Amino acid sequence: MSGTDMTPIWLNGLPGAGKTRWRQAAVADGLKWIELSQPAVPSTLRPDELIFCVVDARAEPPAPHSLADQWLRADLSVARGVIMSFAEQADLMQQQRWQAWLKTTSADSLPRHWWLSQTPPSSRWLLQWLEAADKAATPEDHSLWQAQRERWQSTWRVEAWSLSSINAQPNAQWTLEGLLAGLDAARHNLCMCLLRVEGEINTVEYDNRVAIEGDYQRVVPYAADSESPESWLRVSGMDLDHAWLAELIRGCVV
């Protein structure tokens, strides 16, 4: 089947919610999943096309009136279904908190799937589930959502660093404790809106490489799968202070 015969289904939701994982796992004939990660909405997205919102079930529901809360509510206002990703890592109490939060949004009546990320959905089930998603966003809702995303795009930033660009010494490493403390300070003390943190680094504290994943609430280190020798870090969000973050990154390399 050619690309022109594919039905596009757009995936919105906060950065890092699991849109890429779902796109790679939810394979069915005739469907083409397209991710919407940055605030800008492509001009190719029509108001009558399907949009599904991916929500990371591992995270706590966003704080009221926070930017993450506004982003997620706006995305849900145009969605026809909700995919709760990483459901296997959300205990019953966590799921109940999300159920209660979703009741306060326009998505309360939408089809909802608690997705176990290690289990790809079958093509048959997927097509049946899509047929049940018949709530279409109104043109007014779509216009409001698009306008909101365009406003956020004006302050959206992606800051990226590689260790080799900061320190050319072959044995240079990052101090993980200092890096995590600095990112936490950027979020809570300087009010930077960090929505996504990604990286793989060599650290003073550990012999093995460390992967870093962060969302709108926290930054979590864990053992990296990659054996790549390059250390890198990328921070995405709004109202980021480039100079302050660059100084933090340089100060954490020894």
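This is a predicted model: local features need pLDDT of at least 70, side-chain atom pairs count only at pLDDT 80 or more; totals for chains, interfaces and linings use all residues.

Student: Understood. Which residues does Gln 94 touch, not counting residues up to four places away in sequence?

Tutor: Gln 94 touches Ala 57, Arg 58, Ala 59 and Glu 60. Gln 94 itself belongs to helix H3, which covers residues 92-102.

Student: Is Gln 94 buried or exposed?

Tutor: Gln 94 counts as buried because its relative accessibility is 4%, and buried means under 20%.

Student: Let us turn to Ser 228. Where is Ser 228 found, and why does it count as partly exposed?

Tutor: Ser 228 lies in the loop between S9 and S10. Its relative accessibility is 31%, so it counts as partly exposed, a class that falls between the 20% and 50% limits.

Student: Now helix H7. Which of its residues are buried, and what covers them?

Tutor: The buried residues of H7 are Leu 176, Leu 179, Gly 182, Leu 183, Ala 185, Ala 186 and Arg 187. Their cover includes strands S7, S8, S9 and S10 as well as helix H8.

Student: Finally, what is Leu 67 in contact with, beyond its neighbours within four places in sequence?

Tutor: Leu 67, in helix H2, is in contact with Trp 152, Cys 193, Leu 195 and Met 238.

How values were computed. Residues are numbered from 1 along each chain as its sequence is written. Side-chain values use heavy atoms; hydrogens and water are left out. Buried means under 20% relative accessible area, exposed over 50%, partly exposed in between (1.4 Å probe, protein chains only). Helices (H or I, at least four residues) and strands (E, at least two) are DSSP runs, numbered from the N terminus. Contact means heavy atoms within 4.5 Å.
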